[in-house]
Every structure is written in structure tokens, then in C-alpha cells.
Amino acid sequence: MNAASQPASLRTRLGCTLVVALVAGAVDALDVRLEYHHRGPDLALFLESATLWLVFALGALPVSVIGDAVLRRRTKDERFDSAARVGARHLAWTALPVVAHSRLDNFTGIGGDTSALRTFAPWIELGLALLTLLALTWLLGRLLQSWRPRTTLLASSCVALGLGGTTALRLEDDEPSPGVAGDTRPNILLLVWDTTRAQSLSPFGYDRETTPHLAELTTSATRFTSTRSVSCYTLSSHLSMLTGAYPSHHGARMTRQRFSQSETPTIVRQFREAGYRTGAFVGTDVLRAQSGIGFAFERYDDQVDPWVTYTSGWAFVHDLQSLAAARIPQLASNGLPHWFQDFQRPASDVLRHALEWIESDDPRPWLCFINLYDAHWPYLPEPSALNKWVRPYDGPVDGYAARGDRVVASRHKLDERDGLHLSDLYDAELWDLDAIVDQFLGRLDLGRTAVLMTSDHGEAFGEGGRHEHADILECQVHVPLVLRPAGGVQMGIREEPASGVDVAPTLLALAGLKPAKPMDGFNLLEPFDPVRRVLVEDRDHPNPRHVKLALYDGTWKVVRFGLGSNERWALHDVAADPNEAQDVSAAFPDVFARLKTELLEFRARWGADDEADSRVGPIGNLDALKTLGYTDSE
Ligand SMILES: [Zn+2]
């Protein structure tokens with residue numbers, strides 16, 4: 001029979017569509033499963049992915065028919081319409097937009113920065129990917145062309161189901177160290193309330209009693225009242241807590257994840273080798289294990305959204321939807337053009353998972369790192385907390401702040417009253433969080449568990465004309481730090497300048513361990529240099545003009561804006577001027593000159609690291625960052 005004499009039947013094409021969906025869905029799901037190997041097995045990932053790809057394959061069906069009609073006129077190959085070749089070409093048409101999108105997406109930055117697409121690199125990468133796809137299509141069609149249609153479809157389906165079925169397998173990590181019965185070393189809890197500024201907590205001077213349970217905890221703990229986060233960004237800040245190293249030292253940025261365990265290891269491996277079990281439970285996608293932060297945790301619980309949203313197929317849908325929502329406002333809601341995707345999950349969920357892990361039957365002491373994302377934008381407290389803490393307000397601003405629909409529609413510029421309203425909503429969220437955390441701590445044996453509570457950065461509600469946390473103003477980097485050794489010891493208030501880099505050496509000391517390598521931070525259990533300098537680095541920008549660096553000497557703060565030829569400097573006295581409205585460098589030239597030199601020398605320890613790089617890091621998913629407001633606009 002001459003197969004070229006008539007086009008493939010509709011039945012064959014529909015069969016191919018189904019097989020293409022299964023094959024592409026399986027490959028995409030397997031890719032996700034391998035990337036997120038620390039997560040538990042879940043067959044739903046394959047089913048969701050295959051369903052999504054079925055939609056793509058159906059969409060590609062007309063293109064495939066028309067494409068074949070055009071190509072058939074130019075070919076003399078009599079096997080052109082064999083099921084294998086029809087299927088291979090259909091697979092190529094289906095995968096084409098997703099492959100193209102995933103290549104180019106590696107070069108688009110935070111806030112829709114597409115400037116890197118004006119260089120050659122992304123287009124060379126795209127061309128190579130398309131050539132590979134073309135070669136695979138040709139090879140697949142040639143390999144299977146002698147098979148009967150039914151055999152081809154059946155065999156391909158079996159391979160796809162087999163591949164997809166691997167999502168139900170458990171991928172084992174390293175063997176955990178065995179426990180020793182009677183091990184009485186303390187458990188260690190690192191509890192990070194994301195986006196919690198010190199000035200909004202009564203134990204740190206706030207006049208509203210929004211966190212009574214935290215206040216109660218501090219009666220058997222030490223409060224460090226002059227603590228600065230190392231950064232205003234979540235990932236860099238958490239990595240500093242776990243490495244004891246400043247961002248310029250550990251190297252990771254949100255825009256270019258390249259955290260290297262070999263140069264600046266986190267303390268987790270050390271805990272693990274010392275016989276601790278290690279678990280992490282995070283409330284945000286920003287702290288996904290792929291950034292390198294999950295290294296050496298026996299359990300890293302970072303799944304925030306449904307599995308399918310982690311596939312390349314979904315990333316394509318998401319960006320299409322974002323593009324559409326930017327043009328058709330009805331498709332967006334309060335700055336969230338996302339279907340089924342939150343990029344964050346509530347503390348109740350995070351703590352439930354953590355508690356299950358803590359209470360599991362394992363004799364080893366544990367190190368548990370918890371990130372609670374509830375206080376982060378948007379500010380959406382429970383109704384009871386809202387009634388208790390939010391004062392009457394009749395403006396257009398709601399918990400979505402400047403990104404709220406009413407604010408955007410009316411082009412309203414946020415004023416002082418709006419800032420106060422947002423701060424009220426934030427207070428109410430902290431009230432909710434405080435109660436949930438108290439229930440959780442009530443389930444722990446605090447006689448045997450040391451707690452270090454802190455935050456990764458603060459938040460602004462109009463101070464200095466800023467909102468959220470894309471800057472390094474005092475309200476954005478002055479964070480709480482509460483240290484309660486097992487059993488609790490009242491040590492009162494300590495005013496020495498503390499930093500996020502002190503968390504790692506302190507956690508080690510609580511477990512009787514010493515840093516394997518020298519760290520930038522100090523052990524807070526011991527007295528330390530009260531005149532130490534503290535560094536804050538906001539390096540998470542592809543554009544070097546947006547980088548901000550600060551060095552603290554007591555209440556003096558020298559700030560460097562931008563790198564290279566665009567740099568600008570300022571000096572502030574944060575005690576007299578916490579919103580940093582006045583640059584007093586001209587009034588105090590000696591202090592200014594000294595701190596400028598010190599800041600440069602401080603950072604020179606880690607070599608020149610001021611280059612910019614527009615390429616996004618290997619995990620590539622910047623949707624979460626865009627959603628959460630990490631924009632890089634002028
Ligand atoms: Zn954060």
C-alpha cells in the first residue's frame with residue numbers, strides 16, 4: 001500500500017494527539033520530579049501534566065494538519081503519513097511554543113525586564129533548542145516508521161505511562177544518620193517570621209500589644225534590640241542566616257541563584273553529621289530547595305502550589321495569561337494574574353507539617369527551620385483580627401496596597417492615611433500569626449528545645465515615601481531577634497548590633513557545636529564586640545544602578561547607591577532620622593570618609609563582586625518574584 005497516497009485519517013490524528021499528550025506530559029512531569037526529588041512521590045503530577053499537554057496537543061492539531069498539507073506537496077517520501085511520522089511532527093508542533101518560551105524565559109528578569117533579549121545569547125540558545133527539536137522529530141519518525149499504526153500508538157503510550165509512573169516513586173536522599181537512644185542534646189528551632197519589622201512588635205517598643213504571646217516568650221529569653229537583616233530580600237537573607245556569611249560572601253542572589261555549598265556551606269550538613277535530624281518547612285516559593293538552600297536537609301517541605309504549576313507547560317500558560325492580563329484588566333485581580341498559584345501558603349499549613357515531622361518517632365534531636373510568610377504582602381488578616389486592630393478608614397486602599405484594583409483604577413497615590421491603614425492590616429496579621437505560633441510552641445517540649453526567632457527583613461508603610469521592602473530603610477532592615485535556650489533563661493535586653501549572619505554560629509553554639517569554617521557572624525550566647533560594623537546588602541538586581549549597600553557604625557549608617565560610575569553615597573544618623581530623609585555627609589565629613597573606606601574594605605574581603613549579570617539563575621522561575629513585588633523598575 002502506498003501510504004503517501006492519502007493523508008492520515010482523523011482517527012489516527014486523534015490517537016496521535018492522545019499519545020503526544022501522554023509523552024510530553026510524562027517528560028515534563030519527570031523533569032519536575034527529578035528537579036524536586038526531595039519531595040514525596042505523587043502520581044497526580046503526571047496526570048495533571050498530561051491533561052495540560054492534552055490541551056496543547058488539541059490546540060496544535062489544526063496547525064499539524066495544515067503544516068502536513070503544505071509539507072506533503074514537497075515530499076516524495078511514501079511514508080510521510082505513517083502514524084509514527086504524523087505523531088512525531090504533531091509532538092514537535094505541540095512542544096514548539098513551550099520549548100521556545102522556556103529558553104527565552106531564562107533571559108527575562110524581574111518585573112518583566114526583557115533587555116537581555118536584545119543580545120545574541122538567548123537567540124542562539126533558542127536556535128539550538130529548535131534544531132534539537134527538529135532532529136528529534138526526524139529521528140523519532142525514522143525509527144518508528146516501519147511500525148504499524150496501532151503498534152506505534154500502543155508502544156508510545158506504554159513508554160509514556162511508564163515514564164509518567166515514575167512520579168509515584170520515592171527518590172531516596174542520603175541515608176540519615178542513625179539515632180542514639182538517650183541523646184539529650186537540645187532540639188533547635190529557627191523560626192523566621194518573614195517580613196516582620198521590629199518596630200511593629202511590643203517587645204521591641206511598639207505601643208500596640210499585637211503580639212502578646214511573643215512578648216510572653218521574651219520573658220524567658222533575650223531580646224536583641226539592634227538587629228539588622230543582611231538584606232531586604234528573602235532568599236539572600238535566609239542563606240545568610242544558615243551560612244553565617246553576608247550575601248557578597250555566599251554569592252546567591254534572587255536574580256542569579258548560584259549559591260555554592262562548597263565555598264560557604266550552610267550549618268545543616270554539620271548538624272546532620274553530628275547526629276541531628278534536619279527539617280525545613282517554608283511558606284514561600286522564593287525559598288524553594290533548588291536555590292541551594294535545601295542542601296543537607298533530610299526533609300525540605302517547600303511545596304506551596306499544585307504540582308502542575310511547576311512544569312514548563314504551566315510556565316508557558318502563566319506567562320500567556322500575564323501578557324493577556326496586562327492588556328485586559330478583567331483578567332487580573334489585585335495584581336494577581338495567576339490561576340491556582342499563590343506562591344505562598346499559610347502558617348497553619350506550614351506548622352502542621354512541621355509538627356508532624358517533629359512528633360515522628362525518631363530518637364535523634366532535631367534542627368528545624370521554619371519560614372512563616374503570613375505577614376508578607378498582601379495584608380489579609382482574619383475578620384476577628386481586622387475588627388480588633390484596624391481603625392476606621394474610608395480610602396481606596398485594601399490589603400493589596402498600591403497594587404489593589406481600586407488604587408490602580410483611580411491612579412491614587414498612597415498618602416499617610418493609607419500607610420496607617422496598611423500598617424493596621426499588618427498589625428492584625430501579626431496578631432493572627434502570634435496566636436498560631438503560640439499554639440505550635442505549646443506542642444513542643446520547650447524544656448528541651450532552643451528557639452531563635454527572627455525575621456529576614458522588615459516592611460515600609462510610607463516611611464521615606466516607600467512601601468513593602470525593596471529598599472534598605474531602617475523599617476525595612478531593623479528586625480526582631482529573640483533567643484531562648486532550652487528551658488528558657490531570662491537575659492533581658494542586649495543592645496549590641498546584631499545581624500542575620502549571627503544566626504548560624506548561634507544555632508551551632510546552642511547545640512554545642514563550633515563553626516567548621518570561620519563565619520562573618522558572632523555567637524550571640526557570648527559577649528561580642530559592641531562596636532562591630534554591620535553590613536546590609538541589597539544586591540538582588542540585574543541592573544547595577546539599583547544595588548544598595550550600607551554599613552552601620554552604631555547609629556551612623558553610610559549608604560552606597562549603585563555600582564561603578566553611577567554610584568552615589570549618603571550618610572545618615574538613624575537615631576535622629578530613622579526615615580533617612582537627611583544626608584548629613586557634608587556636616588560630618590570625617591565620619592563619612594571613614595565609613596566609606598570601611599564599607600569598601602569590608603566588601604573587598606570577598607573580592608570584586610560588583611559586576612552585573614542579566615542572565616537569570618538556573619531555576620528560572622521568576623513568576624513568584626514578580627508576584628511578590630520584587631520588581632526592578634526605575
Ligand atoms: Zn521575606
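Biologist: What span is expected of helix α5 (residues 149-165), and what distance does the helix reach?

Modeller: In this predicted model, helix α5 has 17 residues, and its first and last C-alpha atoms are 24 Å apart. The expected span is 1.5 Å times one less than the number of residues, which also gives 24 Å for α5.

Biologist: Which residues of α5 are buried, and what puts them on the same side of the helix?

Modeller: The buried residues are Thr152, Ser156, Ser157, Ala160 and Gly164. They cover an arc of only 120° around the axis, and therefore they share one side of α5. Arg150, Leu154 and Val159 are exposed on the other side.

Biologist: Against which helices do the buried residues of α5 pack?

Modeller: They pack against α1 (10-35), α2 (44-74), α3 (83-105) and α4 (121-144).

Biologist: How do you know that the span of helix α10 (residues 312-327) agrees with what it should be?

Modeller: The 16 residues of α10 should span 22 Å at 1.5 Å a residue, and the end C-alpha atoms are 23 Å apart, so the two values agree. Among the buried residues of α10 are Trp314, Phe316 and His318.

Biologist: Let us turn to the metal. Which residues coordinate the zinc ion?

Modeller: Asp194 (OD), Thr234 (OG1), Asp456 (OD) and His457 (NE2) do, at 2.0 to 2.1 Å. These distances lie within the 2.8 Å cut-off, so the atoms count as donors.

Biologist: Why is the site of the zinc ion called irregular?

Modeller: The angles among the four donor atoms are 99 to 138°. Four donors count as tetrahedral if all angles lie between 85 and 135 degrees.

Biologist: What parts of the chain does the pair Thr234 and Asp456 tie together?

Modeller: The donors follow the spacing D-x39-T-x221-D-H. Thr234 lies in helix α7 (residues 234-243), while Asp456 is in the loop between β7 (449-454) and β8 (460-461), so the pair joins parts that are 222 residues apart in sequence.

Biologist: Are Thr234 and Asp456 buried or exposed?

Modeller: Buried means under 20% relative accessible area. Thr234 has 0% and Asp456 has 0%, so both count as buried.

Biologist: What makes Ala516 exposed or buried?

Modeller: Exposed means over 50%, and Ala516 has 67% relative accessibility, so Ala516 counts as exposed. Its place is the loop between α16 (503-510) and β14 (534-538).

Biologist: What kind of peptide bond joins Trp377 and Pro378?

Modeller: It is a cis bond, with omega about -10°. In general, most peptide bonds are trans. Pro378 is found in the loop between β6 (366-372) and α12 (383-389). Its relative accessibility of 12% is under the 20% limit, so Pro378 counts as buried.

Conventions
Residues are numbered from 1 along each chain as its sequence is written. This is a predicted model: local features need pLDDT of at least 70, side-chain atom pairs count only at pLDDT 80 or more; totals for chains, interfaces and linings use all residues. Side-chain values use heavy atoms; hydrogens and water are left out. Donors are N, O and S atoms within 2.8 Å of the metal (3.2 Å for Na, K and Ca); water is not among the atoms, so sites may look incomplete. Four donors count as tetrahedral if all angles lie between 85 and 135 degrees; four count as square planar and six as octahedral if opposite donors are over 155 degrees apart and all others between 65 and 115; anything else is irregular. Helices (H or I, at least four residues) and strands (E, at least two) are DSSP runs, numbered from the N terminus. Buried means under 20% relative accessible area, exposed over 50%, partly exposed in between (1.4 Å probe, protein chains only). The arc is that of the directions from the helix axis to the C-beta atoms. Contact means heavy atoms within 4.5 Å.
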